[in-house]
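Hi everyone, thanks for making time for this. I'd like to walk you through one structure, and please have it open while I talk.

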Amino acid sequence: MFTNDRRQEERTGRYGTPRLQYLQELVSQFQNSTDEGLIDAFMSCKESDNCLNFEETKERVVANLANFAYDPYNYAFLRQLNVLELFLDCITEPNEKLVEFGTGGICNSCADPANASIITQCGGIPLLIQCLSSPVRNTVNYALGSLYYLCNTSNKEEILKPEVVDVIKKYAAAEAASVSFSNLAMAFLDKHVSESK
């Protein structure tokens with residue numbers, strides 16, 4: 001369900017954390033999970049201690065941020081906190097979970113024109129095209145969905161390269177292997193490839 005100021009106030013209550021502050025805390029938690037001081041603390045933990053796994057913390061935080069990215073109420077906050085750029089950075093990581101959640105966050109937010117502009121200006125299209133060859137199904141689905149929303153007259157040439165269209169056509173033909181790939185790919189082809197002919 002999408003949020004508005006009144007609903008957010010009802011959900012937060014008098015003593016709750018305002019949304020911007022909560023999202024800022026998540027971003028800080030992500031940044032701190034890679035902080036050298038925290039890594040030193042982690043390295044000095046005894047084996048018997050329940051030490052925090054920093055990769056898991058980053059995964060959890062990015063997944064949480066991606067969940068907030070679906071709601072237009074949060075879009076201005078995400079832009080203010082540079083969360084879209086954080087999602088794009090995650091796509092470049094070797095950790096497949098971070099790639100998946102970063103791509104999911106992009107997919108959840110890219111239908112908004114202001115978000116789409118940031119994503120394309122920050123080099124998101126080549127990253128999303130790379131995600132089409134991911135071994136993780138959700139990552140591929142999120143990449144297909146993102147490219148569907150991002151493709152427009154100003155970037156069609158970048159997205160509709162023959163090699164990219166060929167990959168998307170293969171997904172469209174793979175209905176037996178994955179109905180979701182096939183449906184998303186067919187929708188992409190119907191909207192963007194059929195139009196360009």
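**Starting from one asparagine**

Let me begin with a side-chain pair: Asn 95 and Glu 59 are joined by a polar contact of 2.8 Å. Before I go on, please keep in mind that this is a predicted model.

Where does Asn 95 sit? You'll find Asn 95 in the loop between helix H6 (83-91) and helix H7 (96-109). Its relative accessible area is 15%, so Asn 95 counts as buried. If we set aside residues up to four places away in sequence, Asn 95 touches Glu 55 and Glu 59. Asn 95 also caps the N-terminal end of H7, with a side-chain oxygen 2.8 Å from the backbone nitrogen of Lys 97.

That brings us to H7 itself. H7 is mostly covered, as 10 of its 14 residues are buried. Among them are Leu 98, Val 99, Glu 100, Thr 103 and Ile 106. And what do the buried residues of H7 pack against? Their partners are helix H4 (54-68), helix H5 (75-80), H6, helix H8 (113-121), helix H9 (124-131) and H10.

Thr 139 has a relative accessible area of 0%, so it is buried. Not counting residues up to four places away in sequence, Thr 139 touches Val 99, Glu 100, Thr 103, Cys 131 and Ser 134.

Let's zoom out for a moment. How many helices and strands does the chain have? The secondary structure comes to 13 helices and zero strands. The chain has 197 residues, and 43% of them are buried. Of the contacts between residues at least 6 apart in sequence, 68% join residues at least 24 apart. The accessible surface comes to about 11,000 Å², with 50% belonging to carbon and sulfur atoms.

Now the inside. The largest nonpolar core has 52 residues, and those touching the most other members are Leu 23, Leu 65, Phe 87, Ile 106, Leu 147, Ile 168 and Phe 188. H6 gives the most to this core, with seven residues. Take Leu 65 as an example: leaving aside its neighbours within four places in sequence, Leu 65 is in contact with Leu 23, Leu 26, Val 27, Val 83, Leu 86 and Phe 87.

On to charges. Side chains of opposite charge can pair when their charged atoms come close. The count here comes to two salt bridges. One joins Glu 55 and Lys 58, at 3.6 Å from N to O. These two are three residues apart in helix H4, so about one helical turn separates them. Glu 55 is partly exposed at 33% relative accessible area, whereas Lys 58 is buried at 6%.

Arg 79 forms a salt bridge with Asp 112, with the closest N and O atoms 3.1 Å apart. This pair links distant parts of the chain, 33 residues apart: Arg 79 is in helix H5, and Asp 112 is in the loop between H7 and H8. Arg 79 is partly exposed, at 27%, and Asp 112 is buried, at 18%.

Most residues other than glycine have a negative phi. Asn 82, in the loop between H5 and H6, has a positive phi of about 60° although it is not a glycine. At 42% relative accessibility, Asn 82 is partly exposed.

Technical notes. Residues are numbered from 1 along each chain as its sequence is written. This is a predicted model: local features need pLDDT of at least 70, side-chain atom pairs count only at pLDDT 80 or more; totals for chains, interfaces and linings use all residues. Side-chain values use heavy atoms; hydrogens and water are left out. Helices (H or I, at least four residues) and strands (E, at least two) are DSSP runs, numbered from the N terminus. Buried means under 20% relative accessible area, exposed over 50%, partly exposed in between (1.4 Å probe, protein chains only). Contact means heavy atoms within 4.5 Å. Accessible areas come from the Shrake-Rupley method with a 1.4 Å probe; for residues, only the protein chains shown count as cover. A polar contact is a pair of N or O atoms within 3.5 Å; within protein, one must be able to donate a hydrogen and the other to accept it, and residues adjacent in sequence count only if both atoms are side-chain atoms. A nonpolar core is a set of buried Ala, Val, Leu, Ile, Met, Phe, Trp, Tyr and Cys residues joined through side-chain atoms within 4.5 Å. A salt bridge is a side-chain nitrogen of Lys or Arg within 4 Å of a carboxyl oxygen of Asp or Glu.
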